[in-house]
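Keep the sequence and the 3D view side by side while reading.

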Amino acid sequence: MTKNPLSKLKVVDLSTVLAGPSVGTFFAELGADVTKIEHPIHQDVTRSWKLTSENQDSPISAYFSSINYKKKYLFLDFLKENDRKELFKIVEEADVLLMNFKRSSQEKLKITDEVLLKINPALIIGKISGYGEKSSRVAYDLILQADTGFMSMNGTPESGPVKMPVALIDVMAAHQLKEGILLALLNQSQQDNKTGQVINVSLYDAAISALTNQASNYLMQGFIPKPQGSLHPNIAPYGEIFQTKDNQKITFAIGSNLHFKKLVDYIGLSHLAEDERFSDVQNRIKNRTELERLIQSQVIEKNSVDILKDMGKRSVPCAMIKNLEQVFQSESAQKMIQEEFIENKITKRVSQIAFKIKMKL
């Protein structure tokens, strides 16, 4: 892949919070010219979403930095005619525009899809909403995790519903919007006269789309998952947390009978592979509590480093449960870090690009 494959692409980012800005960063990382436009007073709210350890007077937060990278910044009030005209000049030359305004706000600011496409008939408008364009309901990731079943499944019987600690619904909606915009750009590349397109992604639809196997478990079997920690409803052992001799926590993802046989052979419980209680996936699910106890009795006699090395040799999925300090000690994770100065402040984030493309020689 060339260093800047989208170097000729011009993107206007009017979006705020996480989903839209992360799409802008994605295109910026691929070489696009991205201009983020904020209100001069009511700037992107994530600038103020700071940890207590952060400088409260700084115009930049770690949260804001996480999804804003390689952008130019401009501050305009679209209620002012001159500022709106400046936006329109930028739109004339743009290829993509990102926003998460409600329809009523677009009308108030006089930047509706119709107005923008009249200025630039080839413009691709990418829009994020909470519950769809026709809904005025205010939506944040927490609300969507609650409203689409994610919180009802997450947590433990003791904890009850728990929000996932990243804005997962925003992240998934951003991926949906990236895909839609890339498809629109591909479509335009096959046209002699480029036609404008409007792509709408709601957080709600993105969340429902991401229910995948849990949705089918319900739709086909009427199965309503309840909080069960990291356990998988269809596989065991999968997600059970085991303590090692050196006081580390590890987990196994045993997705097949072959994986199970390799695991129990390694820990000295090879007879369990022939035990009717654990002979297949369904029986292991039924008897997973007893199975967990038996595996734990052997894992506690081994050090985590040895288990990880030996499981790797046997191609059995296994990992130590790491905190972020441990994660970013990894060379692979460090390669994903992107740094830049924003308003004279050094900022860091992980890349929005996880794919690698090799050109055929």
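Two strands count as paired if DSSP finds at least two bridges between them. Within such a pair, Thr 251 has Ala 319 in β11 as its bridge partner. The model is predicted.

**The whole chain**

The chain holds 16 helices and 13 strands. Its C-alpha trace spans about 75 × 50 × 45 Å along the principal axes. Of its 361 residues, 42% are buried. Among contacts with a separation of 6 or more, 64% join residues 24 or more positions apart.

Start with an open sheet. Three strands form it, in the order β9-β10-β11, with antiparallel pairing. β9 (238-243) and β11 (318-320) stand at the edges; each has a single partner strand, so one side of each lacks a neighbour in the sheet. Neighbouring strands here are turned by 25° against each other on average, direction ignored.

Now look at β10, residues 249-253, which pairs with β11 over three bridges. Helix α14 packs on this sheet and touches both β10 and β11. The direction of α14 makes about 155° with that of β11.

Ser 304 belongs to helix α14, which covers residues 304-313. Is Ser 304 buried or exposed? Buried means under 20% relative accessible area. Ser 304 has 3%, so Ser 304 is buried. Beyond its neighbours within four places in sequence, Ser 304 contacts Thr 244, Asp 246, Gln 248, Ile 250 and Met 320.

**Around strand β2**

Strands of a sheet pair through backbone hydrogen bonds, either parallel or antiparallel. Turn to β2, residues 33-38. Five of its six residues are buried, which leaves the strand mostly covered. From β1, the chain passes through helix α1 (residues 19-29) to reach β2, and this β-α-β crossover is right-handed.

β2 pairs in the parallel sense with β1, residues 10-13. β2 also runs parallel to β3, residues 71-75. Val 12 has Thr 35 in β2 as its bridge partner, and Lys 36 stands opposite Tyr 73 in β3.

| Strand pair | Sense | Bridges |
|---|---|---|
| β1 and β2 | parallel | four bridges |
| β2 and β3 | parallel | five bridges |
| β10 and β11 | antiparallel | three bridges |

Methods: Residues numbered from 1 in each chain as written. Predicted model: local features only at pLDDT ≥ 70, side-chain atom pairs only at ≥ 80, totals over all residues. Heavy atoms only, no water. Helix = DSSP H or I, 4+ residues; strand = E, 2+ residues; numbered from the N terminus. Buried < 20%, exposed > 50% of the residue type's maximum accessible area, 1.4 Å probe, protein only. Contact = heavy atoms within 4.5 Å. Axes fitted to C-alpha atoms, helices over the stretch in contact; angles between N-to-C directions. Right-handed = clockwise from strand over helix to strand, strands pointing away.
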